[in-house]
Amino acid sequence: MTLFAVHCLDHADALPRRLANYEAHKAHLAQGPVKTIISGPLLAGDGETMIGSLFVFSAEKIEDVRAFNAADPFNAANVWQSVSINPFLMRVDNRS
């Protein structure tokens, strides 16, 4: 399995769509062939306003991550303005 970093930035007017689709988004992340390692919203400088999403996924290949991300309810609701998906080499993990 390979790790992939997914960086998504929202459209300026996306917050209502983000909030309306949050439960479906969480359900999507909990299922499927791609395992979510970490995920959460990106925040504006105020530390509160959600402006995007950051994920680290584990998957066999990048095409699996692209398909999984494309099927995300946030994508279907046009929350994200841009999405960047790259292989990720974790060198340090201080979570435990």
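**First stop: a helix and its charged pair**

Select Lys26, which is partly exposed at a relative accessible area of 36%; here buried means under 20% relative accessible area, exposed over 50%, and partly exposed in between, with a 1.4 Å probe and protein chains only. The model is a predicted one, in which local features need pLDDT of at least 70 and side-chain atom pairs count only at pLDDT 80 or more, while totals for chains, interfaces and linings use all residues. Residues are numbered from 1 along each chain as its sequence is written, and side-chain values use heavy atoms, with hydrogens and water left out.

A salt bridge is a side-chain nitrogen of Lys or Arg within 4 Å of a carboxyl oxygen of Asp or Glu. Because Glu23 and Lys26 are three residues apart in helix H2, about one helical turn separates them. Glu23 counts as exposed, at 53% relative accessibility. Helices (H or I, at least four residues) and strands (E, at least two) are DSSP runs, numbered from the N terminus.

**Second stop: the other salt bridges**

How many salt bridges does the rule give? The count comes to five. One of them joins Arg17 to Asp13, with the closest N and O atoms 3.2 Å apart; Arg17 is partly exposed at 24% relative accessibility. Another salt bridge joins Asp64 to Lys61, at 3.7 Å between the closest N and O atoms. Asp64 is partly exposed with a relative accessible area of 22%, and Lys61 is partly exposed with 42%.

Switch to a cartoon view and select the strands. They form an open sheet of four strands in the order S2-S3-S1-S4, with antiparallel pairing; two strands pair if DSSP finds at least two bridges between them. Strand S2 (35-43) and strand S4 (80-88) are the edge strands, each pairing on one side only. Neighbouring strands of the sheet are turned by 15° against each other on average, direction ignored. Axes are lines fitted to C-alpha atoms, for helices over the stretch in contact, and angles run from 0 to 180 degrees between N-to-C directions.

Cross the sheet pair by pair:

- S2 and strand S3 (residues 50-59) run antiparallel and are joined by eight bridges. Lys35 stands opposite Ser58 in S3, and Leu43 stands opposite Met50 in S3. The hairpin of S2 and S3 has six residues between the strands, and Gly47 in the turn has a positive phi of about 75°.
- S1 and S3 pair in the antiparallel sense over eight bridges. Thr2 has Ala59 as its bridge partner in S3, and Phe4 has Phe57.
- S1 and S4 run antiparallel and are joined by eight bridges. On this side, the bridge partner of Phe4 in S4 is Pro87.

Show helix H3 (residues 62-70), which lies across strand S1 (2-10), S3 and S4 and runs at about 155° to S4. Contact in this tour means heavy atoms within 4.5 Å.

Is S3 largely enclosed or open? Seven of the 10 residues of S3 are buried, so the strand is largely enclosed by the rest of the structure. Select Phe55, Phe57, Phe68, Phe74 and Trp80, which form one aromatic cluster. Rings of Phe, Tyr and Trp (its six-membered ring) pair if their centres lie within 6.5 Å; planes under 30 degrees apart count as stacked, over 60 as edge-to-face and the rest as tilted.

The count of aromatic pairs comes to four. Among them, Phe55 and Phe57 are stacked, with 5.1 Å centre to centre and 10° between the planes. Phe55 counts as buried at 2% relative accessibility, and Phe57 is buried with a relative accessible area of 1%. Phe55 also pairs with Trp80, edge-to-face, at 6.1 Å centre to centre and 80° between the planes. This pair links distant parts of the chain, with Phe55 in strand S3 and Trp80 in strand S4, 25 residues apart. Trp80 counts as buried, at 5% relative accessibility.
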